[in-house]
Amino acid sequence: MALLALLLVGAVSLPPGPARASSLWPGRPAVAPVEPEPALDAVAGEPGTAIRPVTVPVAGAGGSRPPRRAEVSYPLQGSPYPVPEGVAPLWRGVVAPPPATGAAAAVLMDQASGQVLFAHNPHQRRAPASTTKILTAIVALEFGNLDDVVTVSEHAAATEGSTMDLVAGERYSLRELLWGLMLESGNDAAVAIAEHIAGSEAAFARLMNETALRLGLRDTHFTNPHGLHDPAHFTTAYDLAVMTRYALANDYFARLVCQPEKVLCRGDGDWVRILSSTNRLLWYHEWIRGVKTGTTGAAGPCLVSSGELEGRRLIAVVLDSGDRWADSQALLEWGFEQFAPAQGGRAGDGVGQVAVARGRQPAVEARLAGDLTALVPPGLVPRVRRVLELARQVEAPVAAGQRLGTASLVLDGVPLARTAVVAAAGVDPAPWWRRWWPW
């Protein structure tokens, strides 16, 4: 009892000076930094922490999720790269054959999960023509300010090929140049943007290639911002689909590429310009959401397109196509007809709790870091399961957003989509006396 009284008195009136609990029991900072997103195959939690797998049936579109029940988890597989030729192996013989396409290379991708539903020569390096401008817009949006004023140089105004009809000395906002870049496919706008952002086309191309590497685009190398032919300027149908998926996550980019026409107006209407999209599909189908055309002698007719129906979004890429409009529309329609969404949850949904050792709270809520959806043939939706791999226990302090595990959608042992599971809130360490006293 005397020892207990001494400890309680010490907890109330610690002597002045450096001898405080924080120095007597050194540890990690009170607020740990948010962990960077590791590879999805990485084990969550502290080194050596056991993982508890939980499998949950998921719902189709508009359905309700059944109660959670524990089952045996399936092993997670690695990256889907390289993408198989033709229809994804899971769906061969299950879905109707895809439409015949005359494109030299093509990819159909689910925008939500990144699943490749169909591919033809997906990793064949090819000249991309003006589909290059998808990455140009990404770099401009990430490194520039939409309200920046750009003065058109003589070099930019003299750029050959499709143009926005810029004149040297004219001043445009970066916002206006982006509309001209993506709707009218202005090569002059591309150069003006590049010079403004990086000082020169060459410096901007370095930014483009750095961004491509950051996005994991293994077969992309650009030498200019517009896509005029250069033997060292190339990408693939798969890489274009991936960069488009990334770009469409930006709301402003998504608005840029989904409109068939844009009216630029200044002041009281003294200056007006009407920009028209080169993407013919936008003019004839309300469900088309973009994205970018491209044509050169070396590349042939190219189109990266996106469509949305009933909450499902698909991305189609066709390169060197005899009829890029028909090929793209047929691929998108086939995807919408043959696949339905299986939903494992939305970003922010709670999926359970993880115990916290030596924390002020005994557990922390685990939430999905992103949407968890996949496309499967409608008849297979009931067989899709959500698999949770959560750390059994983490040690305080826990930061809000700290990774606690992984959630996957799995069909018959094959993962379809994954997202991280993170802490919903921070948990501070328990007081020193509570951690020291065994009760």
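In what order do the six strands of the open sheet stand? The order is 3-5-4-12-11-10, and the pairing is antiparallel. Strands pair if DSSP finds at least two bridges between them. Helices (H or I, at least four residues) and strands (E, at least two) are DSSP runs, numbered from the N terminus.

A word on the model before we go on. It is predicted: local features need pLDDT of at least 70, side-chain atom pairs count only at pLDDT 80 or more, and totals for chains, interfaces and linings use all residues. Residues are numbered from 1 along each chain as its sequence is written, and side-chain values use heavy atoms, with hydrogens and water left out.

Strand 3 (86-87) and strand 10 (288-296) stand at its edges. Each has a single partner strand, so one side of each is left without a neighbour in the sheet. Further in, strand 4 (residues 105-110) pairs with strand 5 (residues 116-120) over four bridges, in the antiparallel sense. Look for alanine 106: histidine 120 in strand 5 stands opposite.

What lies across this sheet? Helix 11 (residues 324-338) lies across strands 3, 4, 5, 10, 11 (300-309) and 12 (312-319). Helix 11 runs at about 30° to strand 11. Axes are lines fitted to C-alpha atoms, for helices over the stretch in contact, and angles run from 0 to 180 degrees between N-to-C directions.

Stay with strand 10 a moment. Valine 291 has its place there. A cis peptide bond joins glycine 290 to valine 291, with omega about 20°. Valine 291 is also one of the residues lining the largest cavity.

How many cavities of 30 Å³ or more does a search of the whole structure find? One. A cavity is a set of points, on a 1 Å grid over the protein atoms alone, where a 1.4 Å probe fits but cannot get out; lining residues have an atom within 4 Å of a point. The largest cavity has a volume of about 40 Å³. Its volume is the space filled by probe spheres set on the points, and grid points are joined across faces, edges and corners. Strand 10 gives the most to the lining, with three residues. By class, the lining has six nonpolar, five polar and one charged residues. Ala, Val, Leu, Ile, Met, Phe, Trp, Tyr, Cys and Pro count as nonpolar, Asp, Glu, Lys and Arg as charged, and the others, Gly among them, as polar.

Now two helices. The axes of helix 6 (residues 187-198) and helix 7 (residues 201-214) come within 8 Å and cross at roughly 80°. Helix 6 and helix 7 are therefore roughly perpendicular to each other, a label for angles of 65 to 115 degrees. Val191, Ala194, Ile197 and Ala198 in helix 6 meet Glu201, Ala203, Phe204 and Leu207 in helix 7. Contact means heavy atoms within 4.5 Å. This contact has seven nonpolar, no polar and one charged residues.

Next, a hairpin. Strand 8 (residues 261-266) and strand 9 (residues 271-276) pair over six bridges, in the antiparallel sense. Cysteine 265 has valine 272 in strand 9 as its bridge partner. Four residues sit between the strands, and glycine 267 takes a positive phi near 60° in this hairpin.

Aspartate 165 has a positive phi of about 60° although it is not a glycine. Find aspartate 165 in the loop between helix 4 (154-157) and strand 7 (171-173). The peptide bond from alanine 396 to proline 397 is cis, with omega near 0°. Proline 397 is in the loop between strand 18 (393-395) and strand 19 (403-411).

Terms used:
Parallel < 35°, antiparallel > 145°, perpendicular 65-115°, else oblique. 1 Å grid on protein atoms, 1.4 Å probe; cavity = no way out; pocket = protein on both sides within 12 Å on 5 of 7 lines; lining within 4 Å.
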